[in-house]
Amino acid sequence: MSNLTRSEWEAMADSLSINGRAWINGGYTHAESGETFDCQSPVDGRHLVKVASCDSADVDRAVTVARTTFESGEWSRLSPAKRKDILQAFAKRMENHAQELALLETLDMGKPISEALNDDIPGSINCIRWCAEAIDKLYDEVAPTGDNVLGLVTREPIGVVAAVVPWNFPLNMACWKLGPALAAGNSVILKPSEKSPLTAIRIAELAEQAGLPKGVIQVLPGFGHTAGKALAQHNDVDCIAFTGSTAVAKQLQVYAGESNMKRVWLEAGGKSPQIVFADCENLDKAASVAAMAIGYNQGEVCTAASRLLVERSIYDDFMVLVKQHMHDWHPGHPLDPETRSGAMVDQIQTTKVLEYIEAGQQGGARLTFGGRQIMQETGGFYIEPTVFEGVDNSMPIAREEIFGPVLSAIVFDSEEEAIQIANDTIYGLGAALWTDNLSRAHRVAKRLRSGSVFVNNYHGGDMTVPFGGFKQSGIGRDKSLHAFDKYTELKTTLITLT
Ligand code: NAD
């Protein structure tokens, strides 16, 4: 998409004008309290902008605007074809600003610019476009009732939706909510993570320039315990669509129960297994994907394949290959287009990952690759891709979500044991298996308790298929037509025919 050099990206970064204010009722605004927080880049520690720290007063204001807008019908009752046109124009505007959005994403959370430009931004645009395209092609139902009654089963927008999203794919995760929620006719309040608010703030203005009526999309940057909590506890928010950690996801269920029983949709954490059977023919490809599945996005991926289960007969040879491919994920400067792995999001996350690396060693696992913080001279936060061997599935490094480039390799002896270890987790987001035995592929895929199963790949997914988790990885699904279920109420209308 772009062949800019590192120095051209750096020059663009130096001249970038960054906005840190909230977007409420069609305009930029400071938090009512006047409070701000510092947005610093994990790339090199540079100060980017002061960001509005919204709290319950701003939430009250935004919810009132969202409710009024929703009730006005200006968007909620606009024909699906017209909503489609406006959302397509929104996608086009994002496309026209792709470089700026990619740069904001990289500076804000540290991912490589080539990933931001080639994966995150196009994926976000595609999501908005796909949902826009779908919305005027979805039909409601006429129920097969008796002759004297007509049963209509129709979908209606749910109302005021709060989208609370994380920092690892800031724009992408936001668009997974915005796409279906807006297309269905809702008013949406987006709360980005305090660690990565910049692209969310930027796209609200682009959406309204594309024709989205004032108040349909609002963006409240702020902290989870203030802005996020106030949204989740608000009695006039109809639905909270969340992506983030399992701990916060559980908290949101409590807030909903304590307030208005708003719908709560949760995309939460993971500890995904990748199983490599000895009958996999292309072991080098499997090893390369195993390294990618923990190295990509610095391992800050909800579906990161952080547990690598390898059949004993191929274990030693396979791990040699994995470690060779791990070199591909050595961190580099995020604005260098050749870099495949960038900076960790901040000091807190870096410390957390390093503590897990220490705990892994203390717990008896063998550190056989990486494990160190590097490039401190940049002022940013970088960690080597890391491999632990001799891991037992009961160790904390195999049970807890580290959210960094740390791989735990585990040996197994039989198909049954592999399935048992893979499923022995509180999570169920992603799982993969490598085999050239077709029956085994189907047999094992069916038994893995996971929202997505990848056979002979570790796929980033596709807009056409749902994404979400079993068990404590979540409730509900993003992407595909199933995502519309989250943002619509199902209404039954029975009409007597005389
Ligand atoms: P997090 O749970 O700390 O924060 C997520 C969002 O919730 C942020 O906007 C945060 O400000 C907000 N928040 C925090 N406390 C809150 C509270 N008490 N009330 C309301 N809102 C609150 O997660 P994170 O560290 O930003 O992101 C990493 C996590 O996200 C990982 O666990 C990862 O697996 C998960 N994730 C899941 C998916 C998925 O699709 N399942 C995708 C990406 C990330």
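This is a predicted model: local features need pLDDT of at least 70, side-chain atom pairs count only at pLDDT 80 or more; totals for chains, interfaces and linings use all residues.
Entry 1: I then looked up how many salt bridges the model holds, and the count is 31.

**Entry 2: Lys50 and Asp38.** I looked up this pair and found a salt bridge, with the closest N and O atoms 3.1 Å apart. The two residues come from distant parts of the chain: Lys50 lies in strand 4 (residues 47-52) and Asp38 in strand 3 (residues 36-40), 12 residues apart. Lys50 is partly exposed at a relative accessible area of 48%, and Asp38 is partly exposed at 46%.

**Entry 3: Lys92 and Glu95.** Here the closest N and O atoms of the salt bridge are 3.2 Å apart. Both residues sit in helix 3 (residues 80-96), three residues apart, so about one helical turn separates them. Lys92 has a relative accessible area of 42% and is partly exposed. Glu95, at 30%, is partly exposed as well.

**Entry 4: Arg440 and Glu415.** I noted a salt bridge whose closest N and O atoms are 2.8 Å apart. This pair also links distant parts of the chain, with Arg440 in helix 15 (residues 438-447) and Glu415 in helix 14 (residues 415-423), 25 residues apart. Are Arg440 and Glu415 buried or exposed? I checked, and both are buried.

**Entry 5: a network.** I found Arg67, Glu71, Asp236 and Asp238 linked in a network of them.

How values were computed:
Residues are numbered from 1 along each chain as its sequence is written. Side-chain values use heavy atoms; hydrogens and water are left out. A salt bridge is a side-chain nitrogen of Lys or Arg within 4 Å of a carboxyl oxygen of Asp or Glu. Helices (H or I, at least four residues) and strands (E, at least two) are DSSP runs, numbered from the N terminus. Buried means under 20% relative accessible area, exposed over 50%, partly exposed in between (1.4 Å probe, protein chains only).
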